[in-house]
Amino acid sequence: MQFKHPELLYALFLLIIPIIIHLFQLRRFQKVEFTNVQFLKNVIMQTRKSSQLKKWLILLTRLLLIAATVFAFAQPYFSKINIKNTRVETVIYLDNSFSMQAKGDKGELLKRAVQDLITEIDNKQKITLFTNNTTYKNTTITAIKNDLLALEYTPNQIDYEAVILKGKQLFNNASTSIKNFIALSDFQDRNTSFNLKNDSLYNIHLVKLQPVNTNNISIDSVYISKTNPSNIELSVLLNASNNQDISNVPISLFEEENLIAKTSISVTNNTAIFSLPIREKINAKVTIEDTSLQFDNKFYFNINTQEKINVLTIYNTTPNDFLERIYTKDEFNYNAVSSDNLNYNTIAQQNLIILNELDNLSVPLINTLKTFTSNGGSLLVIPSSKLSVSNYNELLGKSMFEEIIDIEKKITTINYVHPVFNNVFEKEITNFQYPKVKQYFKINFNNSPLLSFEDDQAFLIQNNNTFVFTAALNTTNSNFTNSPLVVPTLYNISRQSLQLPKLYYTIGKEHRFDVNVSLQQDDILNLVTHKNLTIIPQQQTFNNKVAITTNDVPDVAGIYAVNNKTETIKHVSYNYNKGESKLNYIDFKAYKGIRISNSLPKVINDLKSDLTINALWKWFVIFALVLLIIEMLILKYFK
């Protein structure tokens, strides 16, 4: 029991007053003469005995009466926690990620959670509420009611540990306040660690919203599986949770909004196949019919007009045929020119320039190549065994080339995580037919090389947008041009020089692609949807291209036109991350001492119960009145 005014309890010292009165102010009895003395003594003894009992009863009732009155004025109350002079703070996390589209027993999980918040939380209570993409600080449910009812799903997921951390940061720094944090989510298992521990400063309540059905079918990916001169084979891969049968799921292919093909899934590999005629470009989407999550039932992709990468090889006297075989005319504008016949004005129009075993570099060429690389162009250096070290080091901007080593070395190590070799090999190869060199240059370079010799010395390195081999590739010095590594290495280096848009990109991840266009000063490129939603992405302008980087935007799936003012240059497609399509959830049985509930109303009622004050002063007033009546009855009727 606690008191609102505990200082009034000092008035209990007043209880000594009736005790003093009753002990020292005794009544005197009046003597009455009577003839029968023996009978008179008996009457006096009985009267004194009755009077003594009456006095103690009156004393007791008066003591209780005074005590009850003092307690009533001190205003006693009961509560589960000590809330006197304590501020109560409430922070709520509402998960509005796509997995909250799943249906519970009362409709979609997110919509049901919003209704419970509006219904259960007091309209005047100050709260802080945040979602995956919005924060409302020190507000009321009434103030944000319309925003909550209009709340949309977002692809931006916050890690659960980050949710707890952000919730704690939104509390006031006062150590005396009661901090209640409520997290409303389905707590989907995202294959990340979730270390949740008790914290004496915060009351953490997790409300786990559970769907009634965990079956879901989603479009995992779209890719071109085969290409021939007349057709493209387009493969659509589906995923199904809980080994769900998807053999009868219809799949439709649309170009813009026009249905152009429809098929069903192959049971053997969960893949549908579409055959499309070769076209210059196509903006399309694939759709399926599934009653569970809706965000993963559409998949956007596009094929742009084939653009060729400009590659220029500068050689001494004789060009190498292996480069011409790699850079074919269907994908590249490949030219080879001797250093004596080089037109410096053509360098700025190239995407990749290859210095193929030049012994010396002229000062004008060095300056032109420096300008070329600073403007976003890529440079590949294949050194000559007779190169001028000082000459090349002036171009590369550091003392890179050192001495030449006349020792035969095998090329044994591939940096599989490097973008040049990413997705080239199905698995890491540790034993293959190693190419070799007879002599190579020792270089001064600290980063991880793309290809290495058996003693971990570098064979191919990348420094920004410059790639450097450390050995000549002619057949006299090396058999590298005859190995299986030469094609993916040189082909992907050229692809790095002009990163053409892919079939599609995933929202929420960082992507970079190049637009082969020359812009006027102060011009910018925009991403525009068919609904005229315009986004200005992060971009860097070079002489003959614009490098676009996207990360947080766009955040809506669809096909975007890359526009220069009103001119459409090409299209790019973005799709939502399909990680939330897997309806697997965290098992909280291993988390001891954490408050877990599946009902928001229950959590709100428990918090209200913790904060409820059960006032007792009325009962003490009633008790005092009853004691007063008892005292009056004793005085009047007790004989």
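A cavity is a set of grid points where a 1.4 Å probe fits but cannot get out, and its lining residues have an atom within 4 Å of a point. With that in hand, let's work through this predicted model.

**Exercise 1. Find out which residues line the largest cavity, and sort them by class.**

Solution. Start with the count: the structure holds two cavities of 30 Å³ or more. The largest cavity has about 50 Å³ of space. Around it you'll find Ile232, Leu276, Pro277, Arg279, Glu280, Lys281, Ile282 and Ile303. Now sort them: five are nonpolar, none is polar and three are charged.

**Exercise 2. Describe the largest pocket: its volume, its centre and the elements around it.**

Solution. First, the volume: the largest pocket holds about 2000 Å³ of space. Next, the centre: 49 residues line this pocket, and Arg495, Leu500, Pro501, Lys502 and Leu503 are the closest to the middle. Then look for elements that supply at least two lining residues each; among them are strand S10 (217-227), helix H9 (486-497) and strand S35 (567-575). S10 gives the most, six residues. Finally, the classes: 19 lining residues are nonpolar, 17 polar and 13 charged.

**Exercise 3. Which element gives the most to the lining of the second largest pocket?**

Solution. S34 gives the most, with four residues. By class, you get 14 nonpolar, ten polar and seven charged residues.

**Exercise 4. Are helices H7 and H8 roughly parallel or roughly antiparallel?**

Solution. Find helix H7 (residues 363-374) and helix H8 (residues 389-396): their axes come within 9 Å and cross at roughly 30 degrees. Angles under 35 degrees count as roughly parallel, so that's the label for H7 and H8. The crossing of this pair is right-handed. As for who touches whom, Ile366, Leu369 and Lys370 in H7 meet Asn391, Glu394 and Leu395 in H8. That contact is made up of three nonpolar residues, one polar and two charged.

**Exercise 5. How are helices H3 and H4 oriented, roughly parallel or roughly antiparallel?**

Solution. Helix H3 (residues 109-120) packs on helix H4 (residues 141-149) at an angle of about 165 degrees, and their axes are 10 Å apart. Angles over 145 degrees count as roughly antiparallel, so H3 is roughly antiparallel to H4. H3 passes H4 in a left-handed crossing. On the H3 side of the contact sit Lys111, Val114, Gln115, Leu117 and Ile118, and they meet Ile141, Lys145, Leu148 and Leu149 in H4. Sorted by class, the contact has six nonpolar residues, one polar and two charged.

How values were computed: Residues numbered from 1 in each chain as written. Predicted model: local features only at pLDDT ≥ 70, side-chain atom pairs only at ≥ 80, totals over all residues. Heavy atoms only, no water. Axes fitted to C-alpha atoms, helices over the stretch in contact; angles between N-to-C directions. Parallel < 35°, antiparallel > 145°, perpendicular 65-115°, else oblique. Left-handed = near helix turned anticlockwise from the far one by under 90°. Contact = heavy atoms within 4.5 Å. Nonpolar A, V, L, I, M, F, W, Y, C, P; charged D, E, K, R; others polar. 1 Å grid on protein atoms, 1.4 Å probe; cavity = no way out; pocket = protein on both sides within 12 Å on 5 of 7 lines; lining within 4 Å. Points joined across faces, edges and corners; volume = space filled by probe spheres on them.
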